[in-house]
Amino acid sequence: MQNFVNEVVSGLKDRLTDCEITVMPKDLPNGLTKTGISIKPNGSNIAPTIYLDEFYNHDFSVTDTVDAIIGLYEKHKNPNINVEWYSDFEQVRPQLRARLYNKSTKAEVFRSAKEYGFDDLIIVPYVNVNMGPNEGGSIKVTSEHCKLWDISVDEVIDIALGNVARLGKMQDMADFMSENTGMPREMFGENSFMNIINLTENNGQYGAISAVTCRSQLKEMYPDGYYVIPSSIHECIIVPMIDGIGDLTEMVKIVNAEEIAHEEILSDHVYEVAG
């Protein structure tokens with residue numbers, strides 16, 4: 001992989017002579033890292049980042065990868081973004097969000113999710129950035145940002161969780177399956193005993209955090225307790241705490257190993273929330 005990255009960077013520098021090309025690793029919520037290439041035009045403070053992992057994993061040649069990256073760069077190199085708003089916390093406040101990350105992930109600003117029952121996870125705040133219709137990005141909050149805004153880390157995370165709570169979506173599993181397959185709801189049973197929770201924003205991206213922000217609602221629905229099954233970094237499945245449910249942890253491990261893309265796995269654990 002490293003040789004591939006080096007050759008792609010060299011190819012980009014040869015062709016984009018008016019840009020600064022930088023390798024930018026990105027920490028994923030499950031502790032993995034993606035390799036990005038940041039392309040910053042001279043005199044600009046905006047630097048689109050394009051990730052190389054998919055090109056490498058699909059055996060793209062260096063030449064084809066460079067061509068594809070330049071094509072993407074040309075398409076997105078002039079985003080309509082005014083970065084000055086980021087220094088004004090009152091403008092940043094409504095865009096604060098939070099994600100659940102594996103605690104092995106590098107994060108400068110975070111809070112343990114142990115108090116919510118997720119011993120091996122952390123809560124990481126970020127700022128949602130809108131770039132236009134169906135386009136967007138995010139900026140992970142750092143300690144320098146907190147100093148700039150003159151606000152504590154705890155307050156940033158509290159605001160982020162409050163914003164996410166308003167975007168949380170809980171859906172009966174049968175309704176979810178019908179919506180995503182186009183098949184009649186009846187095909188999935190009259191009364192599903194499980195629910196799925198994610199976000200209404202960005203197609204539910206990183207919506208597993210809703211397992212934290214929907215906690216009060218879940219306790220009302222399941223007064224005897226419930227299990228949280230992290231089906232991916234994007235959503236969680238909620239199952240009532242009942243006898244005879246089988247080994248959920250083993251099921252999660254099998255599904256993660258055989259069905260879920262490695263970079264989208266949040267955890268192999270099932271979390272128990274008592275009533």
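This is a predicted model: local features need pLDDT of at least 70, side-chain atom pairs count only at pLDDT 80 or more; totals for chains, interfaces and linings use all residues.
**Entry 1: Glu 201**

I started with what Glu 201 touches: Arg 97, Asn 128 and Leu 167, once residues up to four places away in sequence are left out. Next I looked up where Glu 201 sits, and found it in the loop between β9 (195-199) and α8 (210-213). Buried or exposed, I wondered about Glu 201? Glu 201 is buried, because its relative accessible area is 16% and the cut-off for buried is under 20%. I also checked its side chain, which makes a polar contact with the side chain of Arg 97 at 2.8 Å.

**Entry 2: Ala 160**

Ala 160 and Arg 97 are 63 residues apart in sequence, yet I get 4.4 Å between their C-alpha atoms. Leaving aside neighbours within four places, Ala 160 is in contact with Leu 96, Arg 97, Ala 98 and Pro 125. Ala 160 is buried too, with a relative accessible area of 0%.

**Entry 3: helix α10**

Which residues of α10 (residues 248-258) are buried? I found Leu 248, Val 252 and Asn 256. Looking down the axis of α10, I see these buried residues fall within an arc of 70°, so they line one face of the helix. On the face turned away from the buried side, I noted the exposed residues Ala 257 and Glu 258. Last, I looked for what covers the buried residues of α10, and β10 (225-230) is included there.

Note on methods: Residues are numbered from 1 along each chain as its sequence is written. Side-chain values use heavy atoms; hydrogens and water are left out. Helices (H or I, at least four residues) and strands (E, at least two) are DSSP runs, numbered from the N terminus. Buried means under 20% relative accessible area, exposed over 50%, partly exposed in between (1.4 Å probe, protein chains only). A polar contact is a pair of N or O atoms within 3.5 Å; within protein, one must be able to donate a hydrogen and the other to accept it, and residues adjacent in sequence count only if both atoms are side-chain atoms. Contact means heavy atoms within 4.5 Å. The arc is that of the directions from the helix axis to the C-beta atoms.
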